[in-house]
Amino acid sequence: MTDTIAAIATARAPAAIGIVRISGPETLAVVDGVFAACSGKSAAALPRRRMVYGHMRTAEGAVIDDGLCVIFAPESSYTGEWSAELHCHGSAVVLEEVLRSAFTFGARQAKGGEFTRRAFLSGRMDLIQAEAVADLIDAETAECAQNAALQLSGSISRGVEQVYDGLMDVTARFYAAVDYPDEDIEPLEQREITDTLSRCRRQLQRLLDTFRRGRILREGIPTVLLGLPNAGKSSLLNALLGYDRAIVTDIPGTTRDAVEQTVTLGRHLLRLLDTAGIRETADRVEELGVARALQAAQTCQLALFVVDGSKPLTPEDEAAMDAALQAPEAIAILNKQDLPCVMDPSELPFAYVIPVSCAKNEGLDLLEQALDMVFDFDAPCDGSILTNARQTDAIAKSRESIEAALSSLRLGMTPDAVLVDVEAAMESLGEATGRVVREDITNRIFERFCVGK
């Protein structure tokens, strides 16, 4: 981290305010070139972490914009090194000119995620917290943002470090007893080792048990709409979205391919897949759409079986219903309640049958309530929920190593053999937090960050 980087840290769209971020050892020199404080003070003399008014200028001294500058010393900056932010009017042209001026005075273009990577490398955060930054930026629901923000503050990291410290205590005391036999150090009793390892295993298992909810929280619920042609699947999709995303006609077979869309219903993020109506057809294209619908039912997390309540249940309805019931969770949508209903809800073998009228946009609140009950997670969204597959894999490996150590103890193996697995457990936890750093892993992590963060 010997060079100084700069990037536009706000969206590339017209806005009231735009920010150019600078970080590195030559930050103060770059700021002196780009920014002229109205007080006449140099960057080194400006107060830290306080807005200062002045002018942004080119290398030739021409004024680009009036704005504000904030200087951060290493001990209080995001990256752990000298940093600055230049707050300008949010014109793309203005921001590009300010950035170009920063390049003229010695900065270079930051890569995606480079600011956060420097924060990690300088010890300002671990890898779990760094990945929480990306999750916070990408959050699509309030709960997901809240969980990521609390992870950034260290909620998961503290639990993982507690387990790591417990394993380290076992390891350190064992080696102390072996390496310094003349000292008055009591060797660890097997019972003490077992208790510590069992406690660590339980802590990791509790964390791993949150991943199912965490994956849904972060990625949404993979949901497929199933039913006969003209049952109202596309109408339901449009009603949930609030605009016409899918073509709706009274001609059966209008939807011939899968239509994907993300929908937020209350606190639930649904990855909706509207599929072709399930029926026997001689149309080759529609037949492929039906096959995709059946395949989607086997891979989704939730199936919404949409049925026309104004008509009697048919064998084709039952075939579509059977496909929906293959999903881990399934809800029946009894559509067209604006018409006389001839179908008895008791005919539908679902735990939840939701009467709706997609034409009149009625009953969607009942669907939201059903989702609250189907996906009712007891754990609060307090940042302790695992949402990251890489972290989950590393923690699962650590738990497996602890299980192997406990198994060795039960078999009566010597403590030094047991500690091989204990040290493997510690290494896996180190991969989760970044204590054990592999460049290929960190490269992959920071590749998903936007430039400027």
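These exercises work through charged side chains in a predicted model.

**Exercise 1.** Find how far apart in the chain Glu-143 and Arg-267 lie, and where each one sits.

*Solution.* Start with the contact. Glu-143 and Arg-267 form a salt bridge, with the closest N and O atoms 3.6 Å apart. Glu-143 belongs to helix H5 (residues 142-152), while Arg-267 is in the loop between strand E9 (259-265) and strand E10 (268-274). They are 124 residues apart, so the pair links distant parts of the chain. Arg-267 is partly exposed, at 34% relative accessibility.

**Exercise 2.** Decide whether Lys-336 and Asp-308 are buried or partly exposed.

*Solution.* First, the pairing: Lys-336 and Asp-308 form a salt bridge, at 3.3 Å between the closest N and O atoms. Lys-336 is in the loop between E12 and E13, and Asp-308 is in strand E11 (residues 302-308). Now apply the cut-off: buried means under 20% relative accessible area. Lys-336 has 22%, so it is partly exposed. Asp-308 has 9%, so it is buried.

**Exercise 3.** Work out how Lys-397 and Asp-393 are spaced in helix H13.

*Solution.* Their side chains meet in a salt bridge, 3.5 Å from N to O. Both residues lie in helix H13 (residues 389-410). They are 4 residues apart, so about one helical turn separates them. Lys-397 is partly exposed at 38%, and Asp-393 is partly exposed at 42%.

How values were computed. Residues numbered from 1 in each chain as written. Predicted model: local features only at pLDDT ≥ 70, side-chain atom pairs only at ≥ 80, totals over all residues. Heavy atoms only, no water. Salt bridge = Lys/Arg side-chain N within 4 Å of Asp/Glu carboxyl O. Helix = DSSP H or I, 4+ residues; strand = E, 2+ residues; numbered from the N terminus. Buried < 20%, exposed > 50% of the residue type's maximum accessible area, 1.4 Å probe, protein only.
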